[in-house]
Amino acid sequence: MQTCLSRRGVFGGHVTGRRSAVVVRAEALTVPAPFTKVDPKGDRVLVKVAGEEVKTRGGILLPPSAIKKPTSGEVVGLGDGRMGNGEVRPFFLQTGQTVVYSKFGFMYTDLKMSNGDEYILIREDDIIGIMPRANAQADDVPELQPLADRVLVAVEEVADVTLGGVILPDSAKERPLSGTVVRTGPGKYDKDAEGKRKPMTVQPGDKVLYFKYAGDNMETPEGAKYVVLREDDILCKA
């Protein structure tokens with residue numbers, strides 16, 4: 001068995017920055033046949049990409065147009081936690097956990113093994129959160145455990161009717177900017193305290209206001225809306 005060691009998480013072009021940045025990605029990196037294993041290094045995590053969801057839990061088959069590329073999978077490998085400055089950061093994640101990640105502008109590498117299995121090599125800090133069970137789906141979102149300094153917020157719905165009684169169409173509603181904290185991450189690592197995380201300043205139950213276009217939005221099949229935010233995207237709390 002041969003092992004491919006990877007210290008970095010990016011192969012191909014990318015532009016980092018805020019969500020307004022243009023991102024150019026190469027095709028998935030195909031791992032040559034002699035290599036049967038990938039060992040991540042540093043703060044990288046190796047995730048086996050989940051299969052596409054072709055039917056709902058109720059057994060309803062989804063049309064091809066409704067099948068989306070998975071952004072979740074199982075953690076199958078962790079790096080050694082060693083950063084470029086020599087600092088060692090313990091992982092919050094464990095192998096076997098199901099995680100959700102975003103592929104917008106983050107430093108990651110898509111990998112395809114010779115047997116067809118697909119993986120993603122990604123920094124732990126770029127993983128959104130941990131799902132409560134394997135094969136998790138949209139209705140498991142309320143149980144998501146955020147990572148780093150992220151916060152899971154139950155979004156407060158906007159009014160459908162104005163004070164004068166006029167019914168608003170969806171296009172005329174302001175996007176919700178407030179909600180209630182459901183769960184918080186463990187905090188991000190403190191640059192001034194090796195191996196230690198900064199404590200979170202918000203707690204479950206806090207009412208918060210957040211930036212309009214911040215975070216990753218999620219919705220359950222029943223229509224309950226959630227958003228996972230960075231703590232820095234919260235404007236204030238009550």
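Start by selecting strand β11 (residues 150-155) and strand β15 (residues 225-230): 5 bridges join the two, and they run antiparallel. Strands here are DSSP runs marked E of at least two residues, while helices are H or I runs of at least four, and both are numbered from the N terminus. Two strands count as paired if DSSP finds at least two bridges between them. Now click on Leu-152 and look across to β15, where its bridge partner is Val-228.

You are looking at a predicted model, in which local features need pLDDT of at least 70, side-chain atom pairs count only at pLDDT 80 or more, and totals for chains, interfaces and linings use all residues. Residues are numbered from 1 along each chain as its sequence is written, and side-chain values use heavy atoms, with hydrogens and water left out.

**The sheet around β11**

In what order do its 6 strands lie? They form an open sheet that reads β14-β15-β11-β12-β13-β16, with antiparallel pairing. At the edges sit β14 (216-219) and β16 (234-237), each of which pairs on one side only. Neighbouring strands of the sheet are turned by 40° against each other on average, direction ignored; the axes are lines fitted to C-alpha atoms (for helices, over the stretch in contact), and angles between N-to-C directions run from 0 to 180 degrees. As a general point, strands of a sheet pair through backbone hydrogen bonds, either parallel or antiparallel.

**Strand β4**

Now select β4 (residues 44-49). Is this strand mostly covered or open? It is mostly covered, with 5 of its 6 residues buried. Buried means under 20% relative accessible area, exposed means over 50%, and partly exposed lies in between (1.4 Å probe, protein chains only). β4 is joined to β8 by 5 bridges, and the two run antiparallel; there, Val-45 stands opposite Ile-122. β4 also pairs with strand β5 (residues 72-78) in the antiparallel sense, over 5 bridges, and Leu-46 has Gly-77 as its bridge partner in β5.

**Into the core**

Of its 13 residues, Val-47, Leu-93, Val-99, Ile-120, Ile-122 and Ile-127 touch the most other members. β4, β6 (98-101), β8 and β9 (127-131) each supply at least two residues of this core, and the largest share, 3 residues, comes from β4. Pick Val-99: leaving aside neighbours within four places in sequence, its contacts (heavy atoms within 4.5 Å) include Val-47, Leu-93 and Ile-127. A second, separate core has 12 residues, among them Val-151, Val-181, Tyr-210 and Val-227.

**Salt bridges**

Finish with charged side chains. The structure holds 14 salt bridges, each a side-chain nitrogen of Lys or Arg within 4 Å of a carboxyl oxygen of Asp or Glu.

- Select Asp-117 and Lys-48, whose closest N and O atoms are 3.8 Å apart. This pair links distant parts of the chain, 69 residues apart: Asp-117 is in the loop between β7 (108-112) and β8 (118-123), and Lys-48 is in β4.
- Select Arg-123 and Asp-126, with closest N and O atoms 3.3 Å apart. Arg-123 is partly exposed at 23% relative accessibility, whereas Asp-126 is buried at 4%.

Notes:
A nonpolar core is a set of buried Ala, Val, Leu, Ile, Met, Phe, Trp, Tyr and Cys residues joined through side-chain atoms within 4.5 Å.
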